[in-house]
Every structure is written in C-alpha cells, then in structure tokens.
Amino acid sequence: MVKLHQVAICALSLFLSPPLFSQASKGGSSAPSTQSIANGKSTFRVACSYCHGIHADGGFRAPSLISGHLSHGDSDDALLNNILHGIPGTAMPANDLEESEAREVIAYLRSLQKPASAPITGSPEAGRKLFFGEAYCSRCHMVFGQGGRLGPELSRIGASRPPEFLIESIRNPDAELTERFVPLDFGSVATTYELVTVTTRQGTRFSGVILNEDSFSLQFMDDREKIHSWSKSELQSIVHEHRSPMPAYAPQQLSDSQLNDLVAYLTSLRGDSK
Ligand code: HEC
Ligand code: HEC
C-alpha cells in the first residue's frame, strides 16, 4: 500500500513538473511584478540616475531612456547588454549588476510613461547655418564628414547628450571636459579633450589636444590639425591646462535665440544623415 502510494506521488510529480516549469518561465516574460519594478526603481536611483536623471527622462550627463527612441536598440536583449557591458566608444559605462537586477531595471524603465517631449523652440535649419557659418563650430567639429577634427565628432550628439548639457558645452565649455575613447585591443581607454601646451627641448611651444598619452610618448593634434608624435624625452614640459580649447560663447557673441537654434540643430543629430 505504502509503496503504491509513493509510486503514485512520484508519477504525479513527474506529470506535474513539465507544466509547472513552463508556467514559471511564462511568468517571467509576462507582466513583471510590482515588486520587481520597485526593485528596479531603487537600483536605477543608485546606479543610473546620476547620469540619466532621477526619473530616467534625461539627466545632465546622459539622455532620456524613456523618450521612445533608443539609438542602441530597444529590445530587452539590447538593453540588457548595454546596461551590463556599457556601450563601447561612449560615456555609457559597464555596470556591476546581476542580470536579474538589470532585468528589474528594464522592467522599471518599461513601466514609466513616456513624457511629452520637451519643446525645442529653435530652428534646426538656422542652427545648421550658424554651425557651419557665423558661429564657426565646424572649424573644430565634424558632422557627417564635414568639418574639423580638433573637437569631438558630433553626428549623433543629439542621441547622446540632453539639451542642458549642450547649452553648457557652448556657454561654458570648461565646466565638463569631454572624454575621448581610444579603442584598445580589449575595451577602450579615456583621455580628456583638454588644452595642452608642450615645449620641446629646442624651446618650441605647441598648443592643442592630446590624442593619446602613455608614460613614454605623446600624440598630439595642434590647432591646425597637424599631428605630432613625441617621445617624452624630447620634451621639456607638458602642461595640462585643464580647460577646453573651445572658446566659451557668451551671449554677446551668440544670443540666446541663436543658442536655441544651435541646440535645436544639435538635438536633431542622431547619427542618420538625412
Ligand atoms: C556615467 C554616466 C552613466 C551612468 C552611470 C549610466 N549611464 Fe547609461 N548612458 C550614458 C550615456 C552618456 C549614454 C549615451 C551613449 C551614447 O549614445 O553616446 C548612455 C546610454 C544608455 C543606454 C542606451 C540608450 C540608447 O539610446 O540606446 C541605456 C539603455 C542606458 N544608458 C541605461 C543605463 C542604465 C540602466 C544605467 C544604470 C544601471 C546607466 N545607463 C548608467 C551614461 C551613463
Ligand atoms: C577651437 C575649436 C572649437 C570650436 C570653434 C568649437 N568647439 Fe565645441 N569643442 C571643442 C573641443 C576640443 C571640445 C571637447 C572639450 C570640451 O568638452 O569642451 C568641444 C566640445 C563640444 C561639445 C561637447 C561634446 C560632448 O560630447 O561632450 C559640444 C556640444 C560642442 N563642443 C559644440 C560646439 C558648438 C555648437 C560650437 C559652435 C558654437 C563649437 N562647439 C565650437 C572644440 C571647439
């Protein structure tokens, strides 16, 4: 009797386990629980809000994640990969999270309402004219293959930086110096675009930005885009000025309405030339 009973339980559990299992995995892909959304929210506050804003709608350092256009992919897999491993060549870092925590963050992001997009008041076309004309931005910045190389390439600046950041970059470039991500065999290393003055042993001085620097050598672009490569033993001094080679555009040089036009133009740059 006892034996039969055991066999019955055993058979019952064999019978039950496949449906139970598939039910569990189905549960995982259907609507996430309010608990995992709440967990995702607190993880987001700790790990992400510093850059993406407390409500994920864009912070000072990084774009909104709920605007409806994600330029690096909108699927759960793409999000998961970007969150865990970072986005090479951009300021989006890898995050030291468990996969389950990252999934909770995704559930939280998905739960947020898409806000009405902030009104962009300027004219992108007028901004483009300023950029390549009067304001001289293209002397140092390239957009879709046109312009200079001293400053960062801006063809997708609208996808990577929120408007407040763009405004500060123009009015007060020294406030936060952009990093340049130099690809390595494995990962990348960041150097800062900052003004550097070097003096050679012969006493010649050059100003420009560093392309690459290690303990022994320095590659450097001067303000005419000429690239210099020195071994440090050839140099008398290297002065990091901790400021941007980009001039601050004060309201006397660039009015608020011109600034609005430029920001409208930059915001429209999302990597697809049209
Ligand atoms: C140090 C600042 C910083 C932190 C911290 C940070 N991010 Fe980012 N993140 C960025 C920047 C900058 C970008 C834009 C990259 C680009 O496209 O140039 C970005 C991009 C992204 C993207 C891709 C957006 C798109 O358009 O496809 C996702 C998703 C993302 N971040 C999620 C997160 C999450 C979730 C966290 C926290 C776990 C986080 N980030 C933490 C700076 C940050
Ligand atoms: C003399 C060269 C030069 C000129 C002219 C110049 N820039 Fe810059 N710009 C730079 C350099 C170098 C950087 C990187 C250092 C920094 O953060 O300021 C930069 C940074 C920026 C950034 C921040 C990019 C990022 O991803 O963080 C923006 C936006 C920008 N410039 C826009 C403009 C606009 C718009 C104009 C014209 C009104 C302009 N620049 C004129 C050299 C220049």
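Predicted model: local features only at pLDDT ≥ 70, side-chain atom pairs only at ≥ 80, totals over all residues.

Residues are numbered from 1 along each chain as its sequence is written, and chains are lettered from A and ligands numbered from 1 in the order in which they are written.

**The whole protein**

- The protein has nine helices and nine strands; helices (H or I, at least four residues) and strands (E, at least two) are DSSP runs, numbered from the N terminus.
- The protein has 274 residues, of which 24% count as buried. A residue is buried if 20 or more other C-beta atoms lie within 10 Å of its own, exposed if 12 or fewer, and partly exposed in between, with C-beta atoms placed from the backbone.
- Among contacts between residues at least 6 apart in sequence, 57% join residues at least 24 apart. Two residues are in contact if their C-beta atoms, placed from the backbone, lie within 7 Å.

**Helix 8 and helix 9**

- The axes of helix 8 (residues 163–171) and helix 9 come within 10 Å and cross at roughly 125°, and the two helices are therefore oblique to each other. Axes are lines fitted to C-alpha atoms, for helices over the stretch in contact, and angles run from 0 to 180 degrees between N-to-C directions.
- From helix 8, Pro-163, Leu-166, Ile-167 and Ile-170 make the contact, and from helix 9, Leu-259, Leu-262, Val-263, Leu-266 and Thr-267 do.
- Sorted by class, this contact of helix 8 with helix 9 has eight nonpolar, one polar and no charged residues. Ala, Val, Leu, Ile, Met, Phe, Trp, Tyr, Cys and Pro count as nonpolar, Asp, Glu, Lys and Arg as charged, and the others, Gly among them, as polar.

**Helix 4 and helix 5**

- The axes of helix 4 and helix 5 also come within 10 Å, crossing at roughly 120°, and that makes helix 4 oblique to helix 5.
- Asp-76, Leu-79, Leu-80, Ile-83 and Leu-84 in helix 4 meet Glu-99, Ala-102, Arg-103, Val-105 and Ile-106 in helix 5. By class, that contact has seven nonpolar, no polar and three charged residues.

**Around the ligands**

- Ligand 1 is surrounded by 24 residues, the closest being Cys-48, Cys-51, His-72, Met-92 and Ser-160. A residue is near a molecule if its C-beta atom, placed from the backbone, lies within 6 Å of it.
- Helix 3 (49–52), helix 4 (76–85) and helix 7 (157–160) each supply at least two residues of the shell around ligand 1, which divides into 16 nonpolar, seven polar and one charged.
- Ligand 2 is surrounded by 26 residues, the closest being Cys-137, Cys-140, Gly-151, Ser-244 and Met-246. Helix 8 gives the most to this shell, with three residues.
- The shell around ligand 2 divides into 19 nonpolar, five polar and two charged residues.

**A residue to look at: Arg-243**

- Arg-243 sits in the loop between strand 9 (235–240) and helix 9 (256–267). With 13 other C-beta atoms within 10 Å, Arg-243 is partly exposed.
- Leaving aside neighbours within four places in sequence, Arg-243 is in contact with Asp-174, Glu-194 and Leu-195. Arg-243 and Glu-194 are 49 residues apart in sequence, yet 5.6 Å apart in space, C-alpha to C-alpha.

Key: Parallel < 35°, antiparallel > 145°, perpendicular 65-115°, else oblique.
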